[in-house]
Amino acid sequence: ALAIFLMAPLLARHVLPTVSLGAGATRSRLDEMCRECRVRVRDILVWRTRGSLINGAVMGLTRHARFVLLTDALLDRLPEAEVEAVMAHELAHVRLGHMLWLVLALGSTMFVATVLADVTLRSVPGLDRSLVEAIGVSGVEVAITAVGLLVGVVVFGFVSRRFEWQADAFAAACLSESEEQVDGAGAGAMASALAHVAALSGVPPERWTWRHGSILGRIDRLVSLRGAPKAALPINRTARIIKGLTLVMLAGVAGIIFWSSL
């Protein structure tokens with residue numbers, strides 16, 4: 001499973017209708033952004049969707065199997081500054097380790113929640129026996145697993161949305177002309193890219209999604225960043241707390257595994 005996960009980006013490179021972004025001003029600038037953000041990628045690809053999709057994505061955990069995908073419609077229909085904003089947003093996910101931390105947060109939370117549900121069930125006198133008599137052993141196991149999945153879904157959405165906010169803030173800071181703080185140019189480019197992509201895709205800006213929140217909410221956050229110091233972006237503190245709590249959860253997982261092996 002791990003091998004498939006690591007090789008998936010290489011396979012997707014050939015399964016999806018993609019071509020390498022050709023040489024030119026756009027390619028040179030995007031390659032320069034990779035160097036500035038200290039993110040190594042194997043290639044920058046154009047995903048040929050015949051103009052049906054306006055989006056960007058990054059896939060791959062290692063630099064040898066990491067690709068940035070930009071759809072043809074995005075490159076054709078967005079201004080250069082907005083293309084750079086989308087690129088910076090995708091590079092932020094890699095630079096800040098969002099994919100890894102999201103997986104760790106999800107897995108550790110589900111594990112601990114499942115164990116706590118099981119312990120709670122067993123700690124209430126007669127409850128486990130009553131449930132077994134009512135729905136059977138397999139039914140109890142399914143119920144405990146469902147608790148872990150439910151908690152995992154809630155945590156996944158919570159963490160994912162905040163990582164999206166952090167990637168937006170990273171892009172705004174990256175594109176700001178000021179070296180010390182986020183300025184109108186940087187925040188405006190990212191906000192404009194979000195609004196433009198939503199409009200061209202026919203997505204209402206107020207529509208809320210579990211993973212990304214709403215475009216309108218993300219734009220409001222970008223506007224509030226104007227004048228914020230790059231070294232102390234508010235969302236970065238939130239991300240550090242999330243990562244710290246994830247480490248605590250992982251320690252809990254290790255402790256539970258060790259205790260159960262005694």
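1. The side chains of Arg27 and Asp43 meet in a salt bridge with an N to O distance of 3.0 Å, where a salt bridge is a side-chain nitrogen of Lys or Arg within 4 Å of a carboxyl oxygen of Asp or Glu. Because Arg27 belongs to helix H2 (residues 25-36) and Asp43 to strand S2, the pair ties together parts that are 16 residues apart in sequence. Helices (H or I, at least four residues) and strands (E, at least two) are DSSP runs, numbered from the N terminus. Arg27 counts as buried at 15% relative accessibility, and Asp43 is likewise buried, with a relative accessible area of 13%; buried means under 20% relative accessible area, exposed over 50%, and partly exposed in between, using a 1.4 Å probe and protein chains only.

2. Two remarks on provenance belong here. The model is predicted, and local features need pLDDT of at least 70, while side-chain atom pairs count only at pLDDT 80 or more and totals for chains, interfaces and linings use all residues. Residues are numbered from 1 along each chain as its sequence is written, and side-chain values use heavy atoms, with hydrogens and water left out.

3. The structure holds seven salt bridges, and Arg29 takes part in a linked group of them. The side chains of Glu32 and Arg29 meet at 3.6 Å, N to O; both residues lie in helix H2, three residues apart, which is about one turn of the helix. Arg29 also forms a salt bridge with Glu36, the closest N and O atoms being 3.5 Å apart. Salt bridges that share partners join Arg29, Glu32, Glu36 and Glu84 into one network. Within this group Arg29 is buried, with a relative accessible area of 18%, whereas Glu32 is partly exposed at 33% and Glu36 is partly exposed at 42%.

4. How far apart are the C-alpha atoms of Glu32 and Glu141, and what is their separation along the chain? The two C-alpha atoms are separated by 52 Å, and the residues are 109 residues apart along the chain.

5. Strand S2, which carries Asp43, belongs to an open sheet of four strands in the order S1-S2-S4-S3, with mixed pairing; two strands pair if DSSP finds at least two bridges between them. The edge strands are S1 (18-20) and S3 (56-59), each of which pairs on one side only. On average, neighbouring strands of this sheet are turned by 30° against each other, direction ignored. Axes are lines fitted to C-alpha atoms, for helices over the stretch in contact, and angles run from 0 to 180 degrees between N-to-C directions.

6. S1 and S2 pair in the antiparallel sense over three bridges, and Ser20 has Leu45 in S2 as its bridge partner. Five bridges join S2 (residues 43-47) to S4 (residues 67-71), and these two strands run parallel. Ile44 has Val68 in S4 as its bridge partner, while Trp47 stands opposite Thr71 in S4. Four of the five residues of S2 are buried, so the strand is largely enclosed by the rest of the structure.

7. Helix H4 (residues 80-95) lies across S2, S3 and S4, running at about 25° to S3. His93 lies in helix H4 and counts as buried at 15% relative accessibility. Leaving aside residues up to four places away in sequence, His93 touches Val58, His98, Met99, Phe163, Glu164 and Ala167, contact meaning heavy atoms within 4.5 Å. The side chain of His93 makes a polar contact of 2.9 Å with the side chain of His98 and another of 3.3 Å with the side chain of Glu164. A polar contact is a pair of N or O atoms within 3.5 Å; within protein, one must be able to donate a hydrogen and the other to accept it, and residues adjacent in sequence count only if both atoms are side-chain atoms.

8. The axes of helix H7 (residues 184-201) and helix H8 (residues 215-224) come within 9 Å and cross at roughly 170°. That makes H7 roughly antiparallel to H8, given that angles under 35 degrees count as roughly parallel, over 145 as roughly antiparallel, 65 to 115 as roughly perpendicular and the rest as oblique. The contact is made by Ala187, Met190, Ala191, Leu194, Ala195 and Ala198 of H7 and by Ile215, Arg218, Ile219 and Leu222 of H8.
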